[in-house]
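Open the model in your viewer and keep the sequence panel beside it. The stops below are meant to be selected in order.

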Amino acid sequence: MTADGPTPPEAGDRGKSPDPELLPKKFEQVADRVYRLRGDLQGAMNIYFVVGPDGEVVQFDAGTRIMLKNNRKVAEAFGGIDRIVLGHAHADHRGTAPRLGPPVYCHPAEVADAESEAAINSYMNLRELEYMKPRLVYPVMMRLWNGGAVKVAGTVEEGDDVAGFEVIHFPGHAPGLIGLWRESDGVALVSDTIYLVDSARLKPLPEGEASVPHPAWAWDHRQAKESVRKLAALKPQKVFAGHDDRLEGDDLTATLLAAADRY
Ligand SMILES: [Zn+2]
């Protein structure tokens, strides 16, 4: 919600909101025209749904394979999803996309990985994880999360409009990682540009803290840090990540700059 209350319906707005009778648990509205489904791994995997000014329903990210059943319930509750836009193509962000039905879009630099069957991307180096347990557990989990290759219908790039949000390129963790940014109320959906969990120790970060993802996952860790600084420069007020809940506050600059320096 903005300080002025919900956005009034505009011309052509289908006024779309999901039918509460059909919704699964762990589904909630998190901002004006923005909804979230949590699932898998203690609800740490997030799929977002955005309703555009013209009524277009866009799904942002696609969680893990096991979330397909609940993802289908949400699609039904909305009366259909018009398209899926992947924040990036990692196994835990594309899981439901191959079988849900709507056309799938991503950044051009993410197409090859989205269309590959591989659960673990070629640039990842899980041996860089400091602790033994995550090093052993992640390869197993990533194969479980993986829904397989996605057929990409089209691409979106920085500056494109997606359901009233602007596409922002945040490369580093993945080459074509993108976020959705709405300047009017400072809402940013950022996929894995930041983590609110400590992936190297498999536990949440302290409340209100964030981190650049661990270099073990990174396509280019130096660029991943720059992308966190790029996010800080937008001066977001609500940052919704791919995992865990959110960062919220009038000035998140210090939090995000500290996050960029974490690894
Ligand atoms: Zn990722």
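The model is predicted, so to speak of a local feature a pLDDT of at least 70 is needed, side-chain atom pairs count only at pLDDT 80 or more, and totals for chains, interfaces and linings use all residues. Residues are numbered from 1 along each chain as its sequence is written.

**Stop 1: helix H5**

Select residues 221–233, which form helix H5. Helices (H or I, at least four residues) and strands (E, at least two) are DSSP runs, numbered from the N terminus. H5 has 13 residues and spans 19 Å from first C-alpha to last, close to the expected 18 Å at 1.5 Å a residue; the expected span is 1.5 Å times one less than the number of residues.

Now colour Ala 224, Lys 225, Ser 227, Val 228, Leu 231 and Ala 232, the buried residues of H5. A residue is buried if 20 or more other C-beta atoms lie within 10 Å of its own, exposed if 12 or fewer, and partly exposed in between, with C-beta atoms placed from the backbone. Look down the axis of H5: the buried residues fall within an arc of 155 degrees, so they line one face of the helix. The arc is taken over the directions from the helix axis to the C-beta atoms. On the other side, Arg 222 and Ala 233 are exposed. Just after H5, Lys 235 has a positive phi of about 60 degrees.

**Stop 2: the partners of H5**

What do the buried residues of H5 pack against? Show strand S11 (187–191) and helix H6 (253–260) to see them. H5 and H6 pack at an angle of about 175 degrees, with axes 8 Å apart. The two helices are therefore roughly antiparallel, the term for angles over 145 degrees. The axes are lines fitted to C-alpha atoms, for helices over the stretch in contact, and angles run from 0 to 180 degrees between N-to-C directions.

Select Leu 257, which sits in H6. Leu 257 is partly exposed, with 13 other C-beta atoms within 10 Å. Leaving aside neighbours within four places in sequence, Leu 257 is in contact (C-beta atoms, placed from the backbone, within 7 Å) with Arg 229 and Ala 232.

**Stop 3: the core**

Select Val 50 and Ile 194, which touch the most other members of the largest nonpolar core, a group of 67 residues. Such a core is a set of buried Ala, Val, Leu, Ile, Met, Phe, Trp, Tyr and Cys residues joined through C-beta atoms within 7 Å. Beyond neighbours within four places in sequence, the contacts of Ile 194 include Val 228 and Ala 259.

**Stop 4: helix H1**

Move to residues 68–77, helix H1, where Asn 70, Asn 71, Val 74 and Ala 75 are buried. Seen down the axis of H1, these residues fall within an arc of 145 degrees, so they line one face. They pack against strands S1 (27–31), S2 (34–39) and S3 (45–51) and helix H2 (97–100). After H1 comes Gly 79, with a positive phi near 75 degrees.

**Stop 5: two loop residues**

Finish with Arg 33, in the loop between S1 and S2. Arg 33 is not a glycine, yet its phi is positive, about 65 degrees. Arg 33 counts as buried, with 22 C-beta neighbours inside 10 Å. Then select Ala 163, in the loop between strand S8 (161–162) and strand S9 (165–169). Phi of Ala 163 is positive, near 50 degrees, and Ala 163 is buried, with 23 other C-beta atoms within 10 Å.

How values were computed. Contact = placed C-beta atoms within 7 Å. Parallel < 35°, antiparallel > 145°, perpendicular 65-115°, else oblique.
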